[in-house]
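Have the viewer open and follow along.

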Amino acid sequence: MYDIIIIGAGIIGSFIAHDLSKKLCNVLVIDKEADVANGATMANSAIVHAGYDPEPGTLKAKLNVRGNRMYPGICESLGEPYVRCSAFVAATSEAESRILDTLAERAGERDIEYRDMDGDSARELEENLSDDVIRVLEFPTTGIIYPWNIAIALMEEAVMNGVDLKLSEEVVDITKEERYKVTTDRGVYEADMVINAAGVYADRIYAMALKGEPDFHIKPRRGEYYVIDEMAKPVVNRVIYPVPGPDGKGVLVVPTIHNNVLIGPNSQPVDDKEAVCNTSEALNDVKARASKTVKNLPFDKVIRTFAGLRPSGDTHDFVIEESKTLAGFVNVACIESPGLASAPAISEYVIDNFVKDAYPDKNASDYVHRKPITFMTGMSDEERNELISKDPDYGRIVCRCCLVSKGEVKEAINRPVGATTVKGVKKRVGPGLGRCQGGFCEPLIVDILAGELGVDRADIRYDSAESVMLIGQTKKGAL
Amino acid sequence: MIKRELVVIGGGSAGIAAAIAAYNNGCKDILLLEKDAELGGILLQCIHNGFGLHRFGEELSGPAYAEKWKDSLAQTSVDVRTSTTVIHLTSDKHITYVNPNEGYVTVEAGAIVLAVGCRERSRGAIATPGYRPSGVWTAGTAQKYINMQGYMVGKRVFILGSGDIGLIMARRMVLEGAKVLGVAEIMPYSNGLPRNIKQCLDDFDIPLYLSHTVTDIRGKARLNGITISKVDEKLTPIPGTEMDFDVDTLLLSVGLIPDTALLNEAGIKLHNKTKGATVNEHMETSIPGVFACGNGLHVHDLVDFVSMEGEEAGAAAAKYLRGELIRKEDSVIEAGNGISYVLPSYIDTEAMEESMEIKCRVTGNARNVKLTLKNGDKLIKEIKKLRVAPSEMEKIEVKKAEFGAAKGRFVLALEEL
């Protein structure tokens, strides 16, 4: 018996679970995926936008501006990195320059810091900015984060403070009687309130509860990206945006926390809610469009391509409201960009408007804070050696691209909301994110997972239960 | 800070050979650092035979070949650290390494041999379209699962790229009971050794699709199918030529790249073609006293040549430590027509030893050709070849007398007879 069930463990569900764990209420989070942050949260531009872009009067505008201001403090309290790297919005024509006027006006109204400069001044700050750029607006409050690690950290703290989390469980039915009855492929759970944060599936989840047609529909828009090796010389120091157009913010060049560069995304509507595939057309399109704002892009240093689905709705704004017909059923849907940047403010908005004072706050002294995961590359040699003297596994490097130790991998597995899959380890501590893409480290990670979880290597999955890796032993048997 | 005369980074075939050669050339304070728990490098997972014909005159398996070298190493006083990863390398030859016993340690080396090996190009690097399910591995990773852990990776297999590891793995998968449906190679010729095409594909009736590449990968969790397409001269897939294969495994053998993370950090000049260091005829990099060899310098086709190059680098490092590696004036050697790369990049024709070896790879298959080394219009050396192939490294020995007084810029080219 729960007070609140949250469906979806992406960045939105994780924020809401985290914030509710500070209250005296029983919360359950359910997600069909094998890990927290496996959908849109896993595959996006990883930017905390400043908030100058959304149309005036929208929830997007209000919550993006607020979210941008909340992130630094939240990241600090979670022990997760937040880098305020700044951003350029670059115009290459007079027509585009006029759009910058609009953005500057919005920024002024929203009290967002910005600087207006000509192309040459901008190129002095970003040497790879295209020669075609004639004018730039700089937004210094733009930040970069690792979205999935923030979601994992939030969920970890939520679980440490009493939230229940069910992964690899798919919601198959929702009925409202006295209370809500949420049926999954594994069990039935009851609660007074349901918060629907199911990403691309939010319309189907709502339809399940309504037993009818929902008043919003989600038609995902796919975005494809390249990832550039951190070994390439710094390409950009700031996020470089083209001027926004009808299909969004356009193709960006984005520095990441660990010095990779992301190039993307395009915007392609798709019918399939799982169609996270790359296409050569889109990748070529991304290449051509990124080159309009940034020159010398090192496409010979690409280490990966990926695609993500934006949970875009037919509403043109976030849908964050209680169902008109189902009391206590709150939709947090159509959270496309700037959803990540708005996430902390979305959670605050949901709790302020729909949970209100139904549950009293816990005593602050009863709240348990997480200890950040060990990150050896950020330590001094003395700190590392102290750690290694306690557990020699911190001196055994298993990922040579990102310099991750066996100790860190073990820790990622053994924490609350620990990694149970190869992808889970990769998300939490990095092996597989580097230039070898797991070529060297993956067999070692499988070994460590099998050892720590006490299972056979063949039972280790890449991600979902169906993502089988090793199919069994060779003729000679396990070595 | 601890000081060591010579530090060899990497305990695979090149590093072991370098350490032994340095020892035999008088250097007695040698530290050999290996990231894996055991010496031998990638040889340990190469359980097929074919190693050692040039060096030992017999065909050995990878582990047996490594064992011979490890036995020789045991006769020396080389100080070996395994499970030890080098984290930093600076231009003033400071090395920081870490292992479970010592933690983080920084040593100052008199000379360094980089024998760091190479990595496989991944699917990400070639940006193959499609989904990203499990079941897609580089051939070497699959080889590690199968030969080192004893686990099978799939039942119905397709292989992209006809590099030697891909060919070897095609046979290995068949021997383990899997069905290999084919090998696709984007180039009009194979990058593997002819003997591997014969012994690993032809003998098992595995089709080789030349001028083909993978254009789609299907399966949201585990791979369930791929599409291959024929490519045109610009290597662009031709619509309408698609062929689908129902497979659960796709292995990639699409190239090997020297591992250069440490070289980048130290600021060592890299070769734009090999992607490893640029070196002179002593295997010395742009930092005096830092030498490079093996697949971390340029990718070889035979391990015997890796070992020999390691020996050259080790001997040169010992000579450097004795203060006998004298440089007067660097000339450059460049790749001309028909040559993809030439090694070394620099040579001192005045201070060189009695003879030196130039290594190169050609850009395409050819018959009845000659390799010519010229200094301006002046022909320094010419070697006739009945056939050449990109998969086979060519070696040309040039004597000091043949260079004479020539210096400046040399060009190695392929010409028709």
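Is A:Arg457 buried or exposed, going by its relative accessibility? At 14% relative accessibility, A:Arg457 counts as buried. Please keep in mind that this is a predicted model, as we look at who its partner is and what else is going on.

The side chain of A:Arg457 meets that of A:Asp447 in a salt bridge, with 2.5 Å from N to O. A:Asp447 belongs to helix α12 of chain A (residues 442-453), whereas A:Arg457 sits in the loop between α12 and β22 (472-473) of that chain, so the pair ties together parts that are 10 residues apart in sequence.

## A bridge within one helix

Next, turn to helix α9 of chain A, which covers residues 381-390. Here A:Glu386 and A:Lys390 form a salt bridge through their side chains, at 3.4 Å from N to O. Why are these two about one helical turn apart? Because they are four residues apart in α9, about one helical turn separates A:Glu386 from A:Lys390.

Their surroundings can be read from accessibility. A:Glu386 has a relative accessible area of 49% and is partly exposed; the cut-off for exposed is over 50%. A:Lys390, at 66%, counts as exposed.

Over all chains, the count comes to 72 salt bridges.

## Where the chains meet

How much area do chain A and chain B bury between them? The figure is about 4,500 Å², with 55% of it on carbon and sulfur atoms. Three residues, A:Arg396, A:Arg400 and A:Ile471, supply 13% of the area that chain A buries against chain B, more than any other three residues. In terms of contacts, 56 residues of chain A touch 51 residues of chain B.

Polar contact links 24 residue pairs across this interface, counting pairs with both residues at pLDDT 80 or more. On the side of chain A that touches chain B, at least two residues come from each of α7 (280-290), β17 (302-310), α9, α12 and β22. Of these contributors, β17(A) gives the most, with six residues. By type, the residues on this side of chain A divide into 28 nonpolar, 14 polar and 14 charged.

## Charges and strands across the interface

Two salt bridges are found across the interface of chain A and chain B. A:Arg400 and B:Asp259 form a salt bridge, their closest N and O atoms lying 2.6 Å apart. A:Arg400 is also one of the three residues named above for the area they supply.

The chains are linked through strands too. β22(A) runs antiparallel to strand β11 of chain B (residues 151-152), and two bridges join them. Which residue of β11(B) is the bridge partner of A:Gly472? That partner is B:Met152.

Technical notes
Residues are numbered from 1 along each chain as its sequence is written. Chains are lettered from A and ligands numbered from 1 in the order in which they are written. This is a predicted model: local features need pLDDT of at least 70, side-chain atom pairs count only at pLDDT 80 or more; totals for chains, interfaces and linings use all residues. Side-chain values use heavy atoms; hydrogens and water are left out. A salt bridge is a side-chain nitrogen of Lys or Arg within 4 Å of a carboxyl oxygen of Asp or Glu. Buried means under 20% relative accessible area, exposed over 50%, partly exposed in between (1.4 Å probe, protein chains only). Contact means heavy atoms within 4.5 Å. Buried area is the accessible area (1.4 Å probe) that two parts lose on being put together, summed over both. A polar contact is a pair of N or O atoms within 3.5 Å; within protein, one must be able to donate a hydrogen and the other to accept it, and residues adjacent in sequence count only if both atoms are side-chain atoms. Ala, Val, Leu, Ile, Met, Phe, Trp, Tyr, Cys and Pro count as nonpolar, Asp, Glu, Lys and Arg as charged, and the others, Gly among them, as polar. Two strands pair if DSSP finds at least two bridges between them.
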